[in-house]
Amino acid sequence: MSTPLLEMSGVRKRYGGVQALDGAELTAVRGEVHALLGPNGSGKSTLDKTLAGTVVPDAGTIRIDGAEARIGGPRDAHALGVAAVYQQLSIVGDLTVTQNVVLGLEPARRFGFLDQRAARDRAGAALERFTAAFAGRLPLDRPASALGPGERQIVEVAKALARRPRILVLDEATASLHKEQVDVLFDVVRELRADGVLVLFTSHRLDEVFALCDRATVLRNGRTAGTVELAATDEDELVRLMVGDAPHQAPRAARAGAAGAGSAAEGPVSSPAATLEVRGLTTDRLRDVSFTVRSGEVLGLGGLQGQGQSELLLALFGGAHVGAGEAVLDGRPLPLSSPVKAARAGVALVPGDRGRQGMFAVRPIQENLSLASMHRRATARLALRGAAERGAATAMVERLRIKIGSLADPVSTLSGGNQQKVVIGKWLLDRPRVVLLDDPTKGVDVAAKEEIYAIVRGLADDGAVVILNSSDNRELTELSDRVLVVFEGTVVEELDAEAISERRLISSALRLGPGETL
Amino acid sequence: MTGAAAGLVDRVRGVQLSGLATVAMLVVAVAVNSALQPNFWDSYALTSNFATFVPLVAIAVGQTIVVLSGGLDLSLGAQVTLASVVAVQVVDGSLDRFPLAVAAALGVGLACGALNGLVVALLRLQPIVATFATSFVFSGLALVVLPTPGGSVPFEITTAYRDSVLGVPVALLLIVALALVWLVLRRHRVLRHVYAVGGDADAAYASLVPVARTRVWAYVLGGLFAALSALAILANTGSGDPFVGNELTLASVAAVVIGGTALAGGRGGAGGSVLGAIVLALVTNIIFFADVPTDYRQLVNGAVIILALALAGIPALQKRRPSA
Amino acid sequence: MSTPVVDTPRRGLTAWRPGPVALAGTVAVALVIAGEIVSPGFAGYGQLVNLMRVAAFLGVIAIGQTIVIIAGGGGVDLSVGKVATFSAIIGSRVMAGDDANIVPAVALALLVAAAIGLVNGLGVTLLRIPPFVMTLGMIGVVQGLILAYTGGQAEGRAAPALTSLVNGRVILDLPGLLFLWLLLGLLAVWLLRRTTFGWSLFAVGANRTAAELTGVRVNRTLILAYVLSATFAGLAGILLLGYTESVFLDLADQYMLPSVAAVVIGGTLLAGGIGGYAGTAVGAIVLTVLQGLLTTLDIGGAWRTVVNGVVLLVLLSLYGRQRRLRS
Ligand SMILES: Nc1ncnc2c1ncn2[C@@H]1O[C@H](COP(=O)(O)OP(=O)(O)O)[C@@H](O)[C@H]1O
Ligand SMILES: [Mg+2]
């Protein structure tokens, strides 16, 4: 091979307490479709963004055609021939489809006045191949906000194609597409490959990767775990690269008896008979979800990410508009109308986006821990006593073995794992009866992961109802007594203790892809 | 063909949906006003009514552009004041110097807008507070330029301003001209980028839109329209006043809101704001002709503005959920 | 058992640097020294006490401003000056110079102020009107209320007891006002640091979504913040009434900008979630000394407004920057 078209090396990027990229490497050549794979949170999107210029890495070099590329922003990337389809689309909802496709590179006449006809022509040309996706009629003048998710995705693709890139980044571009549209996209990508374009392709669907890509680079925890020729690789090998060779642990169900006995000494948190029954729960993103969880049980939520798992947890916590259905805890209906009521009723949510939903980055650890339960310790629900708050927080720091300097430090000074423990700890101080965990170990290092697993097991053993969503199938395997596989907002499969395994979870999730049968 | 037709239907519907409330308010305001003001439809009353509308219409168009970009300019009123006192000092009663005064006013608007733009886009200060701070700079400077009301505008200008051409008041023509300027601007790349930045700054940035430069442009355009507003005020009143713009800032925001532009940015247009400004001006008229006691006029006016702002918040009531 | 956690707290970024309170304090001292150099006697005891007295009114108004700004989301209360004026006007009219009327007068003034704050809070939370716009609009409404209430003519007089409480010398020849300020300041600090309201307020300011998902009553907290803001403004109006004894129609209007500036100088983040009252109190002193200095330098009304605007801009660019688009 001659000089590779793209060489990225030693790319590092840190977000607060999370090391998103930790020296990632990627090398790819002209006329290649190169898969970029890895579990959720492994840094794929961040790596894509450093190439596209929307993220500036802390360290690392990017070479294009052997020359070092200085990418200070999207315009630099564009000048180097890079165009990206972002996982979080770069579509402006209030602009029309045409305006979105040409955005930033609008054809103009003299003095910067827009040439609307040229814009329409360019957008039409870029979208033409996908006409079938729009029921045969291109919505060139409709606002993008009026389109469905798949249609918006196609507009994002067309926008990148209209930039005529040498390097095209496709980050989860197929996640919301139907089979026929995926086929069109693949045809387009194959033509680009024939023209010498490099396509970086990220998808959770391994069958797509094998169908389309030549090689694959696998990221794990922000580091490159390896690059493989796909023709000489099978699914097992890829999954092993993604998951690592950590020793396989027996599912939690198999050990349930032993663990339960061990923690009984600490005394149960809630009555052992607690049962959560969810019936016909329906929201914008959920359809008729029903299930039952007993106290002491960990119910896992599996499937491809973004199928409604997070919404389900949010809905149970009163954070989504519930159209129909109910949840009953020990015979009493749970209030689903607001998080405040849910929290008062004994429900706790450890949300999926720690930074945005879970913690108060600039506030002290003390306040982060106290907030959910402080009204219980306050005099007249108003006056706080410093000693009581410090005592409660210190007890939780010790119980969860949170590594901190001082309770007065902002929680943002902690590492990701310890931040997550603080988020969990604030709820444990409130003694919840139902604990909802949304991807609790995302962006958390291995050692802290194990500790969080122990906390989750302890919660169940103490009699709480635990529902766990995880993008990490090994985590589901290790922790769950049962797993519900979620697809497009509804439960499509239930795996019991014997059926839970990483392989089974992955295949359950993937086999349900559109156009395929069970 | 069918595609284009569908698009057109969509567009018309979009206009109707957001514009209906504005138009309804305008109709009600005109009806009430013509009932209360004895000779509302006389040419003299029409002329003088329109003459008082122009300043608010102009500043509302400027505010619209800033709001569309995702910002808010609380210094626009102060800019009107500054531009008007500078212009009145320059013109000093002489018609010869009027072009110079126009240039001076526009220069002031440009400079103020550029300062706001730089502060917001480059220093990345919150637009509301930053323009609040600059408003003190501008209104202080206005007092330095013209400590007490005074100065005079050549009578040819004030006469022409209140004249009419073929029975159409000049002031109405000016309003139409402002609307036309807006329509022309809307076909320019800068305005397209303004919409994109206000709609989703991150997406716009990723799409190669020069976000910072676009923001500066929005404030500069806002300043230029403030300058036009200042000139209209001078033509209407005939003299300078170092406090004249005080009330205009909030009124401009209210006009934008009544006109259906989202304060969040990215959605709406100045057409609605023109109507919104007229509605607001009519409300002032109505309060005057409804024999509201002098002492209560300001209260009613303030309450109407708050109510108008509240109207914008009502859609929010339907979907108030954590953005989780 | 799992292995002990190896990661240590990362404190590189939080290495010691002078906090905003210390910084503002230094500025205050420097301004006093500058004043003394420009005009000997500026830093005399009597002069300083006088400056502190002027600072006290601003300091009390800025208590509420601190609270709403901490609440974040662009929270600010521009109506504090007008509310203080209105409260003083109500107080003076109901007192009518008679000690017997103090309690009803103060109660009515504070009740009206709190009601105005309630409307601000409802507009900001339920109708989602941006706080700047809502409270700016409220200025017009309160001005209208003042005109309607007074008919353009302020009447009444402070009760003698109020005047002697505010102006009377207590110890060290310090006026009672300073002790009242100290008391209210301590109340503010307690409210912010040692109550569920205060911690909820910081949480709402730091991350509204997370606050909601932690079971904090976000709207109730915000509404209470605006009610408190208006109430403290009303209280400042009463104190001002005690000081001036009679009122005029724009008595406290000019406190609008300084109240925001004092908060910003004191290191409370305009973005919300960080700050406290101690800094604001120092900020109020800094601003007052600055005004004293400008007076000494004979810089009059117009230029003073310009200087104040520029000072606010400079401070904002030190403390109030927003995030970059490129991360
Ligand atoms: N803007 C951000 N702020 C804070 N953390 C982030 C941000 N973007 C990504 N992260 C974190 O960085 C890690 C890698 O994220 P990402 O690159 O999106 O992973 P992937 O695309 O492989 O799922 C995750 O832990 C994620 O939470
Ligand atoms: Mg990703």
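How many salt bridges are there between chain B and chain C?

1. The count between chain B and chain C is zero salt bridges, a salt bridge being a side-chain nitrogen of Lys or Arg within 4 Å of a carboxyl oxygen of Asp or Glu. One residue pair, both at pLDDT 80 or more, is in polar contact between these chains (N or O atoms within 3.5 Å, with one able to donate a hydrogen and the other to accept it; residues adjacent in sequence count only through side-chain atoms on both sides).

2. This is a predicted model, in which local features need pLDDT of at least 70, side-chain atom pairs count only at pLDDT 80 or more, and totals for chains, interfaces and linings use all residues. Residues are numbered from 1 along each chain as its sequence is written, chains are lettered from A in the order in which they are written, and side-chain values use heavy atoms, without hydrogens and water.

3. Chain B and chain C bury about 4,200 Å² between them, 75% of it on carbon and sulfur atoms (accessible area lost on being put together, 1.4 Å probe, summed over both). In contact (heavy atoms within 4.5 Å) are 47 residues of chain B and 46 residues of chain C.

4. Helix H8 (residues 189–199) of chain B has nine of its eleven residues buried (under 20% relative accessible area, 1.4 Å probe, protein chains only; helices are DSSP runs of H or I, at least four residues, numbered from the N terminus). Among the buried residues are B:Arg192 and B:His193. The buried residues of H8(B) pack against helix H3 (97–102) and helix H4 (116–127) of chain A, and also against elements of chain B, including helix H2 (43–68) and helix H10 (211–237).

Key:
Buried area is the accessible area (1.4 Å probe) that two parts lose on being put together, summed over both. Buried means under 20% relative accessible area, exposed over 50%, partly exposed in between (1.4 Å probe, protein chains only). Helices (H or I, at least four residues) and strands (E, at least two) are DSSP runs, numbered from the N terminus.
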